[in-house]
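Subject: Structure for your review

Dear colleague,

Please find the structure below.

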Amino acid sequence: MNKLKTILALLLLLGTAVSVIAGAQEAGTAGAVAPAGTVTLVTGRATAVSPAGQIRNLFYGAKVYSGETLMTAGASYVNVVFSDGGRVLLRPESRFVIERYQYAGNAGAANTNNNANEAKHESAFFRLLKGGFRAISGLIGHKQRQDYAVQTPVATIGIRGTDYEVRYCAGDCGDIQPTPRDGLYTGVQSGGIVVNNQSGEIVLSQGQFSLVPSSGAAPVPLPVRPPALGKKPLPDPRTCD
């Protein structure tokens with residue numbers, strides 16, 4: 001009987017430990033910070049990498065957090081709906097960093113009286129390291145445009161209340177033939193964006209496209225949709241739920 005009690009106690013402790021570890025993985029990712037967004041579509045394989053280097057697979061309904069890097073494998077897409085209503089659909093073989101994200105709506109009812117102060121700190125700052133995406137901007141940045149930006153290796157993208165697409169080619173756009181020249185390609189479905197670096201700036205509106213060849217070259221307009229973005233735009237992220 002004593003042996004049976006001992007075994008049951010050990011099993012109970014083991015089950016508790018497993019539950020604690022599983023919960024710690026999610027809690028360790030989030031800490032005390034509210035999720036930045038929720039995954040609403042995964043085709044193929046996508047992962048999130050924490051600032052500490054912890055890797056987890058993404059799936060429908062998974063949360064993503066400020067500071068994480070989202071990665072898609074070949075022939076894989078992931079769609080994220082952010083808490084301010086913004087959406088991002090990542091292309092295959094992309095690396096996209098949620099560099100700093102904070103939305104006052106995350107604060108909850110307890111901070112209702114502090115909404116004015118919280119709003120001052122709203123931010124949606126991202127970094128594209130590889131690949132590309134189509135994005136629909138949310139509430140952040142509509143009033144204070146400086147609160148939203150996407151950094152890339154060659155330029156920074158700001159918004160004007162926007163549905164836009166981006167692809168960065170750095171010797172890895174061989175899926176398009178003939179292979180496009182390297183650089184940052186951008187296009188606008190609606191609204192507008194501003195693309196700038198140390199060498200210049202360009203403002204794009206609906207139906208316009210641009211290329212930034214390098215960080216030392218100014219953005220230039222393109223007369224037609226560049227092949228690097230594909231013959232057609234990526235699916236509307238609002239339909240990828």
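In these notes, buried means a relative accessible area under 20%, exposed means over 50%, and partly exposed is anything in between, using a 1.4 Å probe and protein chains only. This is a predicted model, in which local features need pLDDT of at least 70 and side-chain atom pairs count only at pLDDT 80 or more, while totals for chains, interfaces and linings use all residues. Residues are numbered from 1 along each chain as its sequence is written, and side-chain values use heavy atoms, with hydrogens and water left out.

Salt bridges

A search of the whole structure gives 9 salt bridges, each being a side-chain nitrogen of Lys or Arg within 4 Å of a carboxyl oxygen of Asp or Glu. Strands, named below, are DSSP runs (E, at least two residues) numbered from the N terminus.

Glu-165 pairs with Arg-225, with 2.6 Å between the closest N and O atoms. Because Glu-165 belongs to strand β12 and Arg-225 to the segment after β17 (220-222), this pair ties together parts that are 60 residues apart in sequence. Glu-165 is buried, its relative accessible area being 0%.

Arg-134 forms a salt bridge with Asp-163, and their closest N and O atoms are 2.7 Å apart. This pair links strand β9, which holds Arg-134, to strand β12, which holds Asp-163, across 29 residues. Both Arg-134 and Asp-163 are buried.

Asp-172 and Lys-130 also form a salt bridge, at 3.7 Å between the closest N and O atoms. Asp-172 lies in the loop between β12 (163-169) and β13 (183-190) and Lys-130 in strand β9 (residues 123-136), so the bridge ties together parts 42 residues apart in sequence. Asp-172 is partly exposed, at 27% relative accessible area, and Lys-130 is partly exposed, also at 27%.

The structure holds 1 cavity of 30 Å³ or more. A cavity here is a set of points, on a 1 Å grid over the protein atoms alone, where a 1.4 Å probe fits but cannot get out; lining residues have an atom within 4 Å of a point. Grid points are joined across faces, edges and corners, and the volume is the space filled by probe spheres set on the points.

The largest cavity has a volume of about 70 Å³. Its lining comprises 13 residues, with Gly-86, Phe-126, Ile-136, Gly-138 and Tyr-148 nearest the centre. Strand β9 supplies the largest share of this lining, 4 residues.

Yours sincerely

Technical notes:
On a 1 Å grid over the protein atoms alone, a cavity is a set of points where a 1.4 Å probe fits but cannot get out, and a pocket is an open set with protein on both sides within 12 Å along at least five of seven lines; lining residues have an atom within 4 Å of a point.
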